Amino acid sequence: MEATGGYWGRVLRVNLTTGEVKVEPLPEDFPRKYLGGVGFGTRVLYDEVPAGADPLGEKNKMIITPGLFVDTGIGTGSKTAFNFKSPLTGAYGRSMAGAELGVQLKRAGYDMLIIEGKSEEPVLLVINDDDVKIVPADAYWGLTTGEARSRAKEEYPGYATAFIGPAGERLSLISIIETDDRQASRGGPGAVLGSKRLKGILAKGSKRIPIANPEKLRELIKKWALVFKDHPATKADMGYGSGEFLDWMNRERGTFPTRNWQMGFFKKAYERAKAEGREHIYIDPYYWAPKYRKGRRACPGCNKPCSQYVHVESKKWGTFEVDGPEYETLYSFGGVLEIDDFETVAYLNYLADQLGLDSISAGVTIAWAMEAYERGLLTKEDTDGIELTFGNGEAAVEALRRMAYREGNLGKLLADGVKRASERLGKGSEKFAMHVKGMEPPAYDVRGIKGMALAFAVSVRGADHLTAGAYGTELVGRWWKFDNIDRTKGENKGFEIAIHENLMAVYDATGVCKFSRHMYYLEGFPELIEAVTGMRMGDAEVITAGERIMNVARAFNVREGFSRKDDTLPYRIMWEPIPEGVSKGLHVPPWELDRMLDEYYQARGWSRDGIPTKAKLVALDLPDIAEDIGAGI
């Protein structure tokens, strides 16, 4: 297609095996059916990565798709999707990042970047408008993400960057792509680039995105800026970041996973705070944000930045700066390890970013190892002499380093996440290995959040809070069209989670941050889409685009052999109730999960085995996928 409002109509395809670089037209039906971002990426992933492809092989692809609203000026329209077959799960992979790389790709004149093939030697991909080069990266290979970025900023001034670290080079299945202080983290995208010997991507563009109705768009940008300015969530997010509700999750809901999910609140930290006469535990942003925050480094296009860029001068860890820690990281390097020491948690965050490891997956994996060690299932020989006990920050730091480099017995055991580690160890350790489809869970003890338990189970990319984004609805009890939601009951969750997933897919397709879901909801999108693209789409057509994206992602997994049997939860969530706190006694037994799955598949129009039906897929204008994998009625 030719350039039109919001789209260049151009796809950049780079083959690392042959060195070929070419520009192809964007398929004509993509904008209306898939909008952009994760919509484009999911469809291309389904079309171009064949069933059974090795995620670390030549046939896997990295498909980078900026959201439709990226670089349009629309508030929080910052997110770019990294789409791939996940090495961690073997399923659909997607990582979102507020990446300057996406901005520069659009300014260079591309709606999508497809990277395929595999280089024999380390390389960089350098994009400057129409000048696209694959260049040797011998001088970059082996560097941390920060070292690589610093070198690139000198050699390629003005370019946005995306790099893998030592973990990605060593094909850790929990490795990330670091994109200028933002991370595409979940599912192992760093390993995909590492397998292709692609150390990094640099991009710079000079073009202005075509806008269908610039005057109308300016009016809407001003209108929404006022909504953001006056919204109570803006003040909380800017003041304390995504972790501002950590204390509430502990004391009011009892759903903050601690000690490898043995507890639903950080009991030891609160007991210590009480004994010392403190209001806040040390990892609570209400304690550390005012003390350590140096400033904010917002995602591109964000007018309500939750970034808490901290400067730490630590006797133990030296001087360093890092953006965060986010709520998830306060859990994965804090609560789940029983570490209530902000400087240690921040240093683990810094180290994970530099070495190129997903902080959620890495922390949960170390927590499993700590439990295995305390149970006597891991010996001192297994841990290379490290006293791997809960609360031991020095041990966690050393474990993290070893994971990134696959160093020693411990590094080799933990480098690929908790599922592989538990399989390697055996000894019944799978019963406390926390993962869904191989992906480690985020910071929501879903034993006490039943809708999110369903969301974890059915998520196309494994245990994940953002595919549905329903944690706020569940924990508060209301949001948008939903009211009187009881997080402690498993009834009527199927429709709730399906609708949430469809809407969140719209957010990922447009590139709007999900911290804005209290502002835009669904109703804000049609007028913004029309101003940018000229396409008139009502609410129903917009959310149907989200439903279509979700069905394509599910179809990708079905083709890989996934079905109802994989929509399950860890043993601990199903069989071990929360022992203390506000949510004491809650868990999600298998019979309750089964009932929720039935409701969800019914709401989706899928078979009882979780396969999209031919009728549903045809109704979504996906006749080819209906023929490929569609179930009969």
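User: Which residue of β6 stands opposite Leu-12?

Analyst: This is a predicted model, and in it Leu-12 has Leu-113 of β6 standing opposite. The two strands concerned are β1 (residues 10-15) and β6 (residues 112-116), which pair in the parallel sense.

User: Why is strand β4 described as largely enclosed by the rest of the structure?

Analyst: A residue is called buried when its relative accessible area is under 20%, and six of the six residues of β4 (residues 80-85) are buried, so the strand is largely enclosed by the rest of the structure. Thr-80, Phe-82 and Phe-84 point one way from β4, while Ala-81, Asn-83 and Lys-85 point the other way, and all of them are buried. In a regular strand, side chains alternate between the two faces of the sheet.

User: How many bridges join β4 to β3, and how many join β4 to β5?

Analyst: Four bridges join β3 (residues 62-66) to β4, and these strands run antiparallel; here Thr-65 stands opposite Ala-81 of β4. Six bridges join β4 to β5 (residues 92-97), again with the strands running antiparallel, and the bridge partner of Lys-85 in β5 is Tyr-92. The hairpin of β4 and β5 has six residues between the strands, and in this hairpin Gly-90 takes a positive phi near 75 degrees.

User: Why are β13 and β15 said to stand at the edges of their sheet?

Analyst: The sheet in question is an open one of three strands, ordered β13-β14-β15 with antiparallel pairing. Because β13 (293-295) and β15 (318-323) each have a single partner strand, one side of each is left without a neighbour in the sheet. Neighbouring strands of this sheet are turned by 30 degrees against each other on average, direction ignored. Between β13 and β14 (residues 309-314) there are two bridges, and the strands run antiparallel; Gly-295 stands opposite Tyr-309 in β14.

User: Why are α13 and α15 called roughly parallel?

Analyst: The axes of α13 (residues 342-355) and α15 (residues 393-405) come within 10 Å and cross at roughly 5 degrees. Angles under 35 degrees count as roughly parallel, and the two helices are therefore roughly parallel to each other. Their contact includes Tyr-347, Leu-348 and Leu-351 of α13 together with Val-397, Leu-400 and Arg-401 of α15. By class, the contact has ten nonpolar, two polar and one charged residues.

User: Which residues of α8 are buried, and what covers them?

Analyst: In α8 (residues 232-240), the residues Ala-233, Thr-234, Ala-236, Asp-237 and Gly-239 are buried. What covers the buried residues of α8 includes α7 (214-230), α11 (285-292) and β13. The helix α8 is followed by Gly-241, whose phi is positive, near 75 degrees.

Key:
Residues numbered from 1 in each chain as written. Predicted model: local features only at pLDDT ≥ 70, side-chain atom pairs only at ≥ 80, totals over all residues. Heavy atoms only, no water. Buried < 20%, exposed > 50% of the residue type's maximum accessible area, 1.4 Å probe, protein only. Pairing = 2+ DSSP bridges. Axes fitted to C-alpha atoms, helices over the stretch in contact; angles between N-to-C directions. Parallel < 35°, antiparallel > 145°, perpendicular 65-115°, else oblique. Contact = heavy atoms within 4.5 Å. Nonpolar A, V, L, I, M, F, W, Y, C, P; charged D, E, K, R; others polar.
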